[in-house]
Amino acid sequence: IRDVERSRGLGDVYKRQVLTDATIVCTTEREAQLLVTFGARCTTAVAMLPPDPHLPARPTARQDVRARLGLPADGRVLVFIGRIDYKKGLEPLLAALARTSCPCHLVVAGRGTPRFEQMLRTTAERLGIADRTHFIGWISGQDKADLYGAGDMFVLLSDRENYGIAAMEAAQHGLP
C-alpha cells in the first residue's frame, strides 16, 4: 500500500478508493475480475454504462448519408465508432477486410493519436483497401445516428473491451 501511495500515476480519487475498503464500480464482470488493487482489499460492484441519451433515434435517410460520405448506395458498409486505439482491433479488422471477397466498405469514426491513425491509413494503403476504408474523424449526435443508419454491420474486434457503449448504440439502431 505504501508503494501505491507513492505512485505518481494514480489520481487522488483512485487512491482513496483503493486504499480504503471502498467499493469500486466496474462496467463488466471481466473488468471486476481483472481489477488490480495493489494488495488493498475492496469490494466491487458492476454497473453497465448507458448509451448516449442524446443520440437521435431517427437517422437521416440512408441513401443521403451514404452519398454524403462517398459510400456506395447498395454496397455493404461496416461501421466502427469509438476511440481509435490499438486495443480496439482495427489492425486485424483491416487485414480481414483485405482478405474478404466481399466488396464492403469500412467507415471508421473516432479519434486517436495522430501517429496511430496514420499507421492505420498506411496499413489500408499497403493492403490495397484504402479506397474502401473511410476515416471520418470524431462524430456525435445526429451524425452518429446517421452513420449507424447508413451501416449494415457494427464491428469491434477488441478482446479487452470492458463495455462497448458503441455496440449497445449500434444494436439500438438495428445493426448486428
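Contact means heavy atoms within 4.5 Å of each other. By that rule, the buried residues of helix H6 pack against helix H5 (90-99) and strand S5 (133-137). This is a predicted model, in which local features need pLDDT of at least 70 and side-chain atom pairs count only at pLDDT 80 or more, while totals for chains, interfaces and linings use all residues. Residues are numbered from 1 along each chain as its sequence is written, and side-chain values use heavy atoms, with hydrogens and water left out.

**Helix H6**

- Helices (H or I, at least four residues) and strands (E, at least two) are DSSP runs, numbered from the N terminus.
- H6 covers residues 114-126.
- Phe116, Glu117, Leu120, Thr123 and Ala124 are the buried residues of H6. Buried means under 20% relative accessible area, exposed over 50%, and partly exposed in between (1.4 Å probe, protein chains only).
- Seen down the helix axis, these buried residues fall within an arc of 120°, so they line one face of H6. The arc is taken from the directions from the helix axis to the C-beta atoms.
- The face turned away from the buried side carries the exposed residues Pro114, Arg115, Glu125 and Arg126.

**Ala124, a residue of H6**

- Ala124 sits in helix H6. Ala124 is buried, at 1% relative accessible area.
- Leaving out residues up to four places away in sequence, Ala124 touches Leu94, Ile129, Ala130 and Thr133.
- Leu94 is 30 residues from Ala124 in sequence, yet 6.5 Å away in space, C-alpha to C-alpha.

**Nonpolar cores**

- A nonpolar core is a set of buried Ala, Val, Leu, Ile, Met, Phe, Trp, Tyr and Cys residues joined through side-chain atoms within 4.5 Å.
- The largest has 16 residues. Ile84, Leu90, Leu106, Val108 and Leu120 have the most contacts inside it.
- Strand S3 (77-81), H5, strand S4 (105-109) and H6 each supply at least two residues of this core. H5 gives the most, with four.
- Beyond its neighbours within four places in sequence, Leu90 is in contact with Phe80, Ile84, Val108 and Leu120.
- A second, separate core has 15 residues, including Ile81, Ala145, Tyr148 and Ala166.

**Aromatic pair**

- A search of the whole structure finds one aromatic pair.
- Tyr148 and Phe154 form this pair, which is tilted: 6.5 Å centre to centre, with 50° between the planes.
- Rings of Phe, Tyr and Trp (its six-membered ring) pair if their centres lie within 6.5 Å; planes under 30 degrees apart count as stacked, over 60 as edge-to-face and the rest as tilted.
- Tyr148 counts as buried at 0% relative accessibility, and Phe154 is buried at 9%.

Technical notes. The expected span of a helix is 1.5 Å times one less than its number of residues.
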